Amino acid sequence: MRDSRRFSSYFIPTLKEDPREAEIPSHKLMIRAGMIRRLASGVYEFLPLGWKVVRKIEAIIREELNAIGAQEIIMSALQPKELWEESGRWELYGPELMRLKDRGGREFCLGPTHEEVVTRIVAENIKSYRQLPFSLYQFQMKFRDEIRPRFGIMRAREFYMKDSYSFDLTEEGCRNSYDKHYEAYKKIFTRCGLDYAIVEADTGNIGGEYSHEFMVLSSIGEEAVVVCSCGYGANTEMASYSIVEKSSDLEESSEEKEPVEVNTPGLSSIEEITGFMKMPAERFIKTLIYKTEKGLIAALIRGDAELNERLLKAAVGVEDLTMASPEEIQEATGAPLGFSGPLGIKVPIYADTEILSMKNAVSGANIKDYHLKNINPGRDFTPEWSGNLRLVRAGDLCPECSSELKILRGIEVGHTFLLGNRYSAPMQANYTDEKGDEKEIVMGCYGIGVSRLAAAAIEQHHDEYGIIWPTAIAPFEAVIIQIADDAESAAAGLYADLKEEYDILWDDRKESPGVKFKDAQLIGIPVQMILGKQFLKDGRVEVVFRSTGEKQYLLPEEIAGILKKHLRGK
Ligand code: ATP
Ligand code: MG
């Protein structure tokens, strides 16, 4: 895999200025370091340096997947519509699916993922229990017409993914394949030098029974992740929590007062009402009317909280949940949108736990332009159901160890799903068991955003001068920076000595020292070996470590030993 090069004949178009289109460090640095170029919105080319990084990440992933026995294949990016109709996803996937027609008018899509294709292969070729279990994987460009492509290759419309699929006889077997992938993923992300968290996640577009996301922690992350020092992790939708028992500091007084109507003409949002009544949002009961397959319902959460629709769906026992229309709100409450409250409402009430301990709270009065003060849950209304309904907040307690939960930002670099029979049932991927009975194959699927991972690594490893690559995924492991003209033959000697054992870039360009130093910092190669003034004086090479800035002056023959220690840990 080693591929040492001379800078003068290698294509690295570095830039001095940040590109205007880029908002985040990784995007700016990848363009400035000559790793990627943009062709269209969300569509990027990988130049030699960028592709070299991707290929290093790929090699790590391949090693770890081969180690768990998975087998590499490559599937077609072009996928016929009929396949997606079998799984029901031609409709479900929506506008993110890149659709196209061939010259005969037949419809296709460009694969955003490959469950359909791989399930077809297995359905057509597996007959007996003796042929299972196994796992297949591939590296490939995926296509998704993202609504908001941004941050360069972080959220692109064409991106490089590794996708694996496991096929088992039983649910238990599938859990075992899942665990093997899960463990391999941990090794992969650790080897890539990433600080990451594993969180329970929902199964979204892919479907299935349960899933985990591997999140690289970073302030630019698009998703909030809930983590605990004990190792518990979940995305905000999936997070469970228990609540700290608060003292009565939110209550106006402990004594329950009588409800009073307050005229609030045209004031309907929580911000408007809290401003008008000069009370914090924690004193308000938000009443949200939803439409479900069981009819209209009301959900109550505190004014400062956000509803978790997953919890509400589970509490009501429904699949479909949508906000009610203004007409439906009128029907449920007798008042227009913005004045709903729990008193006298005509639909079942589902209340968040926090609501029950509120005293003298404020809510809509179910009368146009009126709110009610001094509402006391229990006395003034009784919910049909109560329990946790809101999204987790920082400071809630861990469901596993009761420490305080933290909410951080994360970049999703990997996702594992236990699919069960989500695809094998509709696509009839079956096998005959020992007794001759036909059974459904139990599947799992596992993705890694390989190109996104490169960008995520830069988010975690950079400074004001450029990238600081983790050694394992650096495009080159060390750079020879030849400054003094007289040092050419020494540089050539060093290059010849090291280039088979290490991935070396030899900066032999006729450029000023300043340009060479800046490029080396920008590109972020872990070890710099400078042949400059010091070398001419006493034959010592200045060795600089990019991550710490530490310098050593070494004789050429001492360098191999230092590289071995620093780059190979030996
Ligand atoms: P996201 O929530 O970020 O859209 P996803 O849940 O749609 O991701 P998966 O379908 O699980 O993603 O795809 C597997 C992996 O591919 C993700 O974990 C992520 O690392 C990567 N990925 C997904 N969408 C993109 C994209 N638009 N650009 C680059 N990488 C992506
Ligand atoms: Mg997505």
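This is a predicted model: local features need pLDDT of at least 70, side-chain atom pairs count only at pLDDT 80 or more; totals for chains, interfaces and linings use all residues.
When the neighbours within four places in sequence are left aside, K499 is in contact with S4 and I504. A relation along the chain can also be given for K499 and I411, which are 88 residues apart in sequence and whose C-alpha atoms are separated by 35 Å.

## The protein as a whole

The protein has 570 residues, of which 52% count as buried, and its secondary structure comprises 15 helices and 32 strands. The C-alpha trace spans about 90 × 65 × 50 Å along its principal axes. Where contacts join residues at least 6 apart in sequence, 69% of them are between residues at least 24 apart.

The accessible surface of the protein amounts to about 25700 Å², and 49% of that surface belongs to carbon and sulfur atoms. As for charge, the protein carries 71 positive and 91 negative charges, and the mean positions of these two groups are 5 Å apart.

## Surroundings of ligand 1

Around ligand 1 there are 15 residues, and those that come nearest are R144, E146, R155, A156 and E412. For G449 the backbone is involved, with an N or O atom lying 3.3 Å from an oxygen atom of the ligand. On its own, ligand 1 has 580 Å² of accessible area, and the protein covers 87% of this.

Most peptide bonds are trans, and most residues other than glycine have a negative phi. Against that background, the bond between L132 and P133 is a cis peptide bond, with omega at about 0°. P133 has its place in the loop between helix α5 (115-125) and strand β8 (134-143).

Positive phi values are found at D369, where phi is near 65°, and at Q428, where phi is near 50°; D369 is a residue other than glycine, and so is Q428. D369 is in the loop between β19 (361-367) and β20 (370-375), whereas Q428 is in the loop between β22 (406-420) and β23 (430-432). Are these two residues buried or exposed? D369 counts as buried because its relative accessibility, 18%, falls under the 20% cut-off, while Q428, with a relative accessible area of 58%, counts as exposed because this value is over 50%.

## Contacts of D369

Which residues does D369 touch, if those up to four places away in sequence are not counted? They are V262, N263, T264, P265, G266 and F339.

E64 has its place in helix α2, which covers residues 48-67. With a relative accessible area of 12%, E64 counts as buried, because that value is under 20%. Residues up to four places away in sequence not being counted, E64 touches A184, K187, I188 and R191.

I36 lies in strand β2, which covers residues 36-40, and is buried at 0% relative accessibility. Again without residues up to four places away in sequence, I36 touches H27, M30, I31, Y44, E45, F46, L47 and I153. A22 is 14 residues from I36 in sequence, and the C-alpha atoms of the two are 12 Å apart in space.

Conventions
Residues are numbered from 1 along each chain as its sequence is written. Chains are lettered from A and ligands numbered from 1 in the order in which they are written. Side-chain values use heavy atoms; hydrogens and water are left out. Helices (H or I, at least four residues) and strands (E, at least two) are DSSP runs, numbered from the N terminus. Buried means under 20% relative accessible area, exposed over 50%, partly exposed in between (1.4 Å probe, protein chains only). Contact means heavy atoms within 4.5 Å. Accessible areas come from the Shrake-Rupley method with a 1.4 Å probe; for residues, only the protein chains shown count as cover. Lys and Arg count as positive and Asp and Glu as negative; His and the chain ends are not counted. The place of a charge is taken as NZ of Lys, CZ of Arg, CG of Asp or CD of Glu. A residue is near a molecule or strand if one of its heavy atoms lies within 4 Å of it. A polar contact is a pair of N or O atoms within 3.5 Å; within protein, one must be able to donate a hydrogen and the other to accept it, and residues adjacent in sequence count only if both atoms are side-chain atoms.
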